[in-house]
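Subject: Structure handover

Hello,

Here is the structure for your work on the ligand sites. Please look it over first; my notes follow below.

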Amino acid sequence: MNYKFNDNREFDIIAVGRACIDLNAVEYNRPMEETMTFSKYVGGSPANIAIGSSKLGLKAGFIGKLADDQHGRFIEQYMREVGIDTTNMVVDKDGHKTGLAFTEIKSPEECSILMYRQDVADLYLDPSEVDEEYIKKAKILLVSGTALSKSPSREAMLKAVSLAKKNDVKVIFELDYRPYSWNNTEETAVYYSLVAEQSDVVIGTREEFDALENRTTEGKNEDTVNYLFQHSPDLVVIKHGVEGSYAYTKSGEVFRGLAYKTKVLKTFGAGDSYASAFLFALISGKDIETALKYGSASASIVVSKHSSSDAMPSVEEIEGLIAKNETISVG
Ligand SMILES: Nc1ncnc2c1ncn2[C@@H]1O[C@H](COP(=O)(O)OP(=O)(O)OP(=O)(O)O)[C@@H](O)[C@H]1O
Ligand SMILES: O=C(O)C[C@@H](O)[C@H](O)C(=O)CO
């Protein structure tokens with residue numbers, strides 16, 4: 001099954017949310033206490049997805065707020081140089097800082113992120129800085145869940161979603177759940193379900209859908225999709241780490257994507273690379289089953305590399321890995 005977009009648009013994808021800095025441990029396979037050097041990359045889930053999409057040849061734009069400092073300028077320049085339209089990235093004038101993510105790579109399986117996100121610029125995106133004329137130029141609006149965690153960014157997201165729906169722009173909701181961004185799980189579930197119910201496509205891990213449903217035990221994919229298909233979504237993608245992922249359509253089809261074998265360096269970055277390649281494939285007219293392969297292959301490439309954004313693969317790399325067909329069968 002193919003997924004239809006409004007083809008008559010200047011941008012394939014406009015992502016909205018945070019663009020930040022990742023500082024990835026250079027000496028890995030050890031705790032962060034023993035790491036002395038870190039490499040700087042652009043980070044933040046929606047920025048990573050925009051970068052991945054642009055590297056695959058999609059025309060991408062970004063809506064977000066950057067700090068008026070060296071990090072903010074680095075992010076804007078990097079994103080512009082990979083081909084992203086940064087004209088709707090606004091600069092904060094109130095002294096808010098860029099969010100930082102220090103990554104710890106204790107082993108390929110044991111990775112964590114130490115976030116510095118106190119009063120970060122991205123969460124100060126104001127609804128007045130979301131422009132209808134810009135959103136209506138896109139096939140897809142990619143909304144990141146973390147941007148719903150605080151006002152005024154929350155209202156900016158709700159405005160962006162409403163403008164997308166008004167202008168026949170497909171709303172893709174990447175749940176991107178970062179628990180420390182939220183006051184409590186009840187609040188997360190309220191805003192996640194509000195936006196998920198209005199979206200066309202919802203993408204997340206099983207744990208993220210549990211957050212959306214405010215569950216403390218693991219829910220069933222069938223229950224999740226039965227609930228969401230009573231509302232706007234017609235495609236739901238649920239990821240299960242190395243066990244692969246499932247895509248469910250409103251018309252009742254279920255597709256499974258298997259992960260590809262790789263030499264894992266770290267696990268973060270998987271979700272963002274997955275989303276960019278999955279969306280690239282859908283926009284390129286490939287069927288959903290093939291799009292799952294693109295997402296999985298892209299994720300497998302990124303987990304074998306040091307960064308999330310800079311490591312985003314080319315179409316040739318993804319297709320080369322799919323052709324080798326070395327999938328992981330677990331679960
Ligand atoms: N160890 C692995 N080896 C190969 N592929 C993997 C591995 N872990 C995850 N993937 C691929 O990445 C996809 C997304 O992974 P996951 O479900 O962990 O998403 P995520 O939690 O959003 O990622 P992130 O860690 O970036 O937040 C999986 O569906 C799978 O295809
Ligand atoms: O999303 C973040 O803020 C951190 C990311 O940039 C980091 O690379 C990651 O966790 C990707 O999944």
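**Ligand 2 site**

Helix H1 (45-55) and strand S7 (111-116) each give at least two residues to the shell around ligand 2. Helices (H or I, at least four residues) and strands (E, at least two) are DSSP runs, numbered from the N terminus.

Before going on, the ground rules. This is a predicted model, where local features need pLDDT of at least 70, side-chain atom pairs count only at pLDDT 80 or more, and totals for chains, interfaces and linings use all residues. Residues are numbered from 1 along each chain as its sequence is written, chains are lettered from A and ligands numbered from 1 in the order written, and side-chain values use heavy atoms, without hydrogens or water.

Back to ligand 2. Around it are 13 residues (a heavy atom within 4 Å). Arg18, Asp22, Gly44, Arg178 and Ser308 come nearest. By class, the shell has three nonpolar, six polar and four charged residues. Here Ala, Val, Leu, Ile, Met, Phe, Trp, Tyr, Cys and Pro count as nonpolar, Asp, Glu, Lys and Arg as charged, and the others, Gly among them, as polar.

Polar contacts are N or O pairs within 3.5 Å.
- Serine 308, polar side-chain atom: 2.7 Å.
- Arginine 178, side-chain N or O: 3.0 Å.
- Glycine 269, backbone N or O: 3.1 Å.

Taken alone, ligand 2 exposes 320 Å², and the protein buries 95% of that (Shrake-Rupley, 1.4 Å probe).

**Ligand 1 site**

Ligand 1 has 19 residues around it. Lys239, Gly241, Gly269, Ala270 and Gly271 come nearest.

- Glycine 271, N or O: 2.9 Å.
- Alanine 270, polar atom: 3.1 Å.
- Glycine 269, polar atom: 3.1 Å.

Alone, ligand 1 exposes 630 Å²; the protein buries 82% of that. Helix H8 (270-283) and helix H9 (288-302) are the elements that give two or more residues to its shell. H8 has the largest share, with three.

**Pocket and domain**

Where does ligand 1 sit? In the largest pocket. Ligand 2 sits in the largest pocket too. "Sits" means that more than half of the ligand's atoms lie within 2 Å of the pocket's grid points. A pocket is an open set of points on a 1 Å grid over the protein atoms alone, where a 1.4 Å probe fits, with protein on both sides within 12 Å along at least five of seven lines.

An unreviewed UniProt entry annotates residues 12-313 as "domain: Carbohydrate kinase PfkB". Such annotations may be inferred rather than shown by experiment. The span is 33% helix and 23% strand, with its end C-alpha atoms 18 Å apart.

Best wishes

Methods. A polar contact is a pair of N or O atoms within 3.5 Å; within protein, one must be able to donate a hydrogen and the other to accept it, and residues adjacent in sequence count only if both atoms are side-chain atoms. On a 1 Å grid over the protein atoms alone, a cavity is a set of points where a 1.4 Å probe fits but cannot get out, and a pocket is an open set with protein on both sides within 12 Å along at least five of seven lines; lining residues have an atom within 4 Å of a point.
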